[in-house]
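Please examine the structure shown below. The paragraphs after it lead from a single side-chain arrangement to the wider fold.

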Amino acid sequence: MCWQAREYSRYCGHQCKYCTYFPDADQFVDVRTLADPALKQSYLDWKWRQAMAPDGRVLALPMDTGPTALFYRADLFKQAGLPSDPGAVSAHLKTWEDYLRAGQQMKQATGGRVFMFDNITTVFNQMLAQQNLHYFSPTNQYTGNQRQVKQAWDYAARVHQQGLSARTTSYSTDWSAAISNNSIARLWEPSG
């Protein structure tokens, strides 16, 4: 499963909160009036468009393109009988079902002390981030009740039901402790 930057919905992408301001766009200054017109050239076109309100005003400067990488503990993968070489890990973990099977193997091999998933919120968000459509369509229609959200929700629920998550809150004290105490074998994190 490779994480590739792709064009997200014009109105809302992973970690894109700009769309929440669109109803009040008239209360914001258009960023283009404050910056050199060449500033736009510093951004990928699809990323620039994410910060645009439906009327064309730019409400914020885009943050990043959202590339994500898999960081993993080779020693914990080996302990569970999983591949530990980067190329072999990549070949072994191509689908969400591959991750689920690896999580089951990790849990069984470590007596439930080490987990492939830090929490189900991360699972839900990463799975949804792979979709072309999130909560709103390019025409600003709510789509949060459609297949892409249900699929991510159902998968995260399976991770929870099977006890494959460390059940920590990302970036919390418990999360940091779980990483330090070797309870989490892999993380998806920003790579750039």
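The charged end of R186 sits over the ring of W188, at 3.8 Å from the ring centre; such a placement requires NZ of Lys or CZ of Arg within 6 Å of the ring centre and within 35 degrees of the ring normal. The model is a predicted one, in which local features need pLDDT of at least 70 and side-chain atom pairs count only at pLDDT 80 or more, while totals for chains, interfaces and linings use all residues. Residues are numbered from 1 along each chain as its sequence is written, and side-chain values use heavy atoms, with hydrogens and water left out.

W188 also takes part in an aromatic pair. A pair of aromatic rings is described by the distance of the centres and the angle of the planes. For F117 and W188 these values are 6.2 Å and 55°, a tilted arrangement. The rings considered are those of Phe, Tyr and Trp (its six-membered ring), paired if their centres lie within 6.5 Å; planes under 30 degrees apart are stacked, over 60 edge-to-face, and the rest tilted. The pair links distant parts of the chain, since F117 lies in the loop between α4 (96-109) and α5 (120-129), W188 lies in strand β2 (residues 186-190), and 71 residues separate them. Helices (H or I, at least four residues) and strands (E, at least two) are DSSP runs, numbered from the N terminus.

Buried means under 20% relative accessible area, exposed over 50%, and partly exposed in between (1.4 Å probe, protein chains only). Ring pairs join F117 and W188 with W96, Y99 and Y155 into a cluster.

A search of the whole structure finds 9 aromatic pairs. One of them is formed by Y72 and F77, tilted, with 4.9 Å centre to centre and 45° between the planes. Y72 is partly exposed at 23% relative accessibility, whereas F77 is buried at 2%.

Two packed helices are described by the angle between their axes and the distance between the axes. For α4 and helix α6 (residues 147-161), the angle is about 10° and the axes are 11 Å apart. The axes are lines fitted to C-alpha atoms, for helices over the stretch in contact, and angles run from 0 to 180 degrees between N-to-C directions. The angle therefore makes α4 roughly parallel to α6; that term covers angles under 35 degrees, with over 145 roughly antiparallel, 65 to 115 roughly perpendicular and the rest oblique. W96, E97, Y99 and L100 of α4 make the contact with Y155, R158 and V159 of α6, where contact means heavy atoms within 4.5 Å.

Two loop residues call for attention to the backbone. Y171, in the loop between α6 and α7 (173-180), has a positive phi near 65° although it is not a glycine. Y171 is exposed, at 57% relative accessibility. N182, in the loop between α7 and β2, likewise is not a glycine and has a positive phi of about 65°. N182 is partly exposed at 33%.

Buried residues make up 42% of its 192 residues.
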